[in-house]
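Here's a quick briefing to read with the model open.

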Amino acid sequence: MVPARDAALPALLAIQSGINQLRYATLKGIMAAKKKEIRKVAPAPGLASRQRITALHVPEKRKQTQMIGGAPADAASALVRALRDEARVIS
């Protein structure tokens, strides 16, 4: 894989959606987990929890694909603008 700064122009950058999907446990892992001992540890006497849950919310799901067309120079500037202003992954 060539780093983006060393890629020949024009170049195509793609981000695969779902790359961070959870992996499911294998049968071997499930069977091994059944045999593990679950230890219960009591807190030290006199210590109260200093954490408090103030609110819970479910994150909003959104899947968005954006096609950037045009001349390579225009597409590159549109990509940089989208990454900076919309995704906020570069500054």
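Predicted model: local features only at pLDDT ≥ 70, side-chain atom pairs only at ≥ 80, totals over all residues.

Numbering runs from 1 along each chain as its sequence is written, and side-chain values use heavy atoms, with hydrogens and water left out.

**Pocket**
- The largest pocket holds about 1400 Å³ of space (a pocket is an open set of points on a 1 Å grid over the protein atoms alone, where a 1.4 Å probe fits, with protein on both sides within 12 Å along at least five of seven lines; lining residues have an atom within 4 Å of a point).
- Its lining takes in 31 residues, and nearest the centre lie Leu13, Ile15, Ile68, Leu79 and Leu83.
- By class, that lining has 22 nonpolar, five polar and four charged residues.

**Surface patch**
- Leu27, Ile30 and Met31 make up a nonpolar patch with about 290 Å² of accessible area together (patch residues have over 30% relative accessible area and no salt bridge, and nonpolar side chains are joined within 5 Å).
- Leu27 sits in helix 1 and counts as exposed at 62% relative accessibility (exposed means over 50%, with a 1.4 Å probe and protein chains only).

**Single residues**
- Leu12 comes in the segment before helix 1 (27–35) and is exposed at 78%.
- From Leu12 to Lys40 is 28 residues in sequence and 52 Å in space, C-alpha to C-alpha.
- Arg88, in the segment after helix 2 (72–86), has a positive phi near 55°.
- Most residues other than glycine have a negative phi.

Technical notes
Helix = DSSP H or I, 4+ residues; strand = E, 2+ residues; numbered from the N terminus. Buried < 20%, exposed > 50% of the residue type's maximum accessible area, 1.4 Å probe, protein only. Patch = residues over 30% accessible without salt bridge, like charges linked within 9 Å, V, L, I, M, F, W, Y side chains within 5 Å. Areas by Shrake-Rupley, 256 points an atom, 1.4 Å probe, with all protein chains shown as cover. Salt bridge = Lys/Arg side-chain N within 4 Å of Asp/Glu carboxyl O. Points joined across faces, edges and corners; volume = space filled by probe spheres on them. Nonpolar A, V, L, I, M, F, W, Y, C, P; charged D, E, K, R; others polar.
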